[in-house]
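Student: Could you take me through one part of this structure slowly and closely, and then show me what lies around that part?

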Amino acid sequence: MTNPTKPPKIIALDGPAASGKSTVGSRVAEALDYLFFDTGVMYRAVTWAALQNGIDILDEAAVAKLTEETPIDVRAASQNDGRACDVLINSTDITWQCRSPEVDANVSTVAAYRGVRAALSQQQRRIGQRGRIVMVGRDIGT
């Protein structure tokens, strides 16, 4: 049983699209001074990396391999420029690059790949181990 006066180390919110989980998660994170981590940014980061490396988005095996080999990190926002967090690949800030129209057009394909989801789940667990985090997104409850 958790201590009622101490918030949990990790709060996970899963649910269907447009259910309000990001809104609720953001508010909970702000109230507790936790990192708000929408795991969708990791799928965006992988998509951006694939595009940058000339990997065919339709080559599931190549995109999954890239995901396994690419360290992605999500940290508290280091700048007050509208970002909810920093998204880093190999310690390089790609927060705004992974929000490009080209990424928007391809991220749903990448997010459907089983190998990508498995590799990102491992990275999400690593990030979650730091604690003081509200995680929102696909597969987050599993």
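**A close look at helix 2**

Tutor: Helix 2 covers residues 40–52, which makes 13 residues, and from its first C-alpha to its last it reaches 18 Å, close to the 18 Å expected at 1.5 Å a residue. Please keep in mind as we go on that this is a predicted model.

Helix 2 is mostly covered, since 10 of its 13 residues are buried. These buried residues are Val41, Met42, Tyr43, Arg44, Ala45, Val46, Thr47, Trp48, Ala49 and Ala50. An α-helix has 3.6 residues a turn, so residues three or four places apart point the same way. The buried residues of helix 2 pack against several elements, and among the helices these are helix 3 (60–69), helix 4 (101–111) and helix 5 (114–128). They also pack against strand 2 (35–38), strand 3 (72–76) and strand 4 (85–89). After the helix comes Gly54, whose phi is positive, near 70°.

A search of the whole structure finds zero disulfides. Cys85 is in no disulfide, and the nearest cysteine sulfur, that of Cys98, is 8.1 Å away, whereas a disulfide would need the two sulfur atoms within 2.5 Å. Cys85 is buried, with a relative accessible area of 7%, and Cys98 is buried too, with a relative accessible area of 0%.

Gly137 lies in the segment after strand 6 (133–136), and Gly137 and Thr47 are 90 residues apart in sequence and 17 Å apart in space, C-alpha to C-alpha. Gly137 is counted as buried because its relative accessible area is 5%, which falls under the 20% cut-off. Leaving aside residues up to four places away in sequence, Gly137 touches Leu13, Asp14, Lys21 and Thr39.

Note on methods
Residues numbered from 1 in each chain as written. Predicted model: local features only at pLDDT ≥ 70, side-chain atom pairs only at ≥ 80, totals over all residues. Heavy atoms only, no water. Helix = DSSP H or I, 4+ residues; strand = E, 2+ residues; numbered from the N terminus. Expected span 1.5 Å × (residues − 1). Buried < 20%, exposed > 50% of the residue type's maximum accessible area, 1.4 Å probe, protein only. Contact = heavy atoms within 4.5 Å.
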